[in-house]
Amino acid sequence: MGEVVMKPLLLVSLLLLLCGCQTLSAPVKPQIPLGQGLVWSLPDLGWVKGERDKTQQVVAWHGKERWQLVGQLSLSPQKMTLTALSGFGTFLFQANFDGTVLTTKRSALVPAKANPGHLLADLSMALMPTAVLQQSLAPLGLVLSVKDHRRVISKQGKAIIVIEYQPMGFRFSQQQLGYGFEVTYE
């Protein structure tokens, strides 16, 4: 009788043990939609040299809606953090990228269509060296053109993203998804 009870108990124990096992795989890079069915993988932070902190005034838009906020960008080879506050100092959102994982926190005040992770990725596109950006876009068949303080990311001659650099900041325009922002450094 004891042997009959032990076999099912042993089988259940073995199944529980096997269910606890997991296959380890490499983390998937954050995926950022660019429009036209294109999804960009945010590259690691190997392009960052040294540490930088910048406070910036940001005017963002989506369609005809506009928002003004203050952004604090902290950038190092280990981590990129974007924190946004309203003009009154109220927390709006934070996006963190450690080179592998992208995490976000957001206030209920932030419109649903505003994606903090996308904004951090957009900032990356504007800040990373041309060669690094070009290499990260190539697998998607995207072309990066740089001329006169302007970067244009296009596919088959159609602009997807336009980044225009100004003396104290830049303007980022996502042509396919209908949003953008202008950054002015303090």
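1. Strands here (E, at least two residues) and helices (H or I, at least four residues) are DSSP runs, numbered from the N terminus. This is a predicted model, in which local features need pLDDT of at least 70 and side-chain atom pairs count only at pLDDT 80 or more, while totals for chains, interfaces and linings use all residues. Residues are numbered from 1 along each chain as its sequence is written, and side-chain values use heavy atoms, with hydrogens and water left out.

2. Gln174 lies in strand E11 (residues 169-174) and is buried, with a relative accessible area of 1%; buried means under 20%, exposed over 50% and partly exposed in between, using a 1.4 Å probe and protein chains only. Leaving aside residues up to four places away in sequence, Gln174 touches Leu34, Ile160, Ile161, Tyr179 and Gly180, where contact means heavy atoms within 4.5 Å. Gln174 and Ile161 are 13 residues apart in sequence, yet their C-alpha atoms are 4.7 Å apart.

3. Strands E3 (residues 52-62) and E4 (residues 65-75) run antiparallel and are joined by 11 bridges, two strands being paired if DSSP finds at least two bridges between them. Ala60 has Trp67 in E4 as its bridge partner, and in the E3 and E4 hairpin, with two residues between the strands, Gly63 takes a positive phi near 65 degrees.

4. E4 is also joined to E5 by six bridges, again antiparallel, with a hairpin of four residues connecting them; the bridge partner of Gln72 in E5 is Thr83.

5. Ser86, in the loop between strand E5 (80-85) and strand E6 (91-97), is buried at a relative accessible area of 15%.
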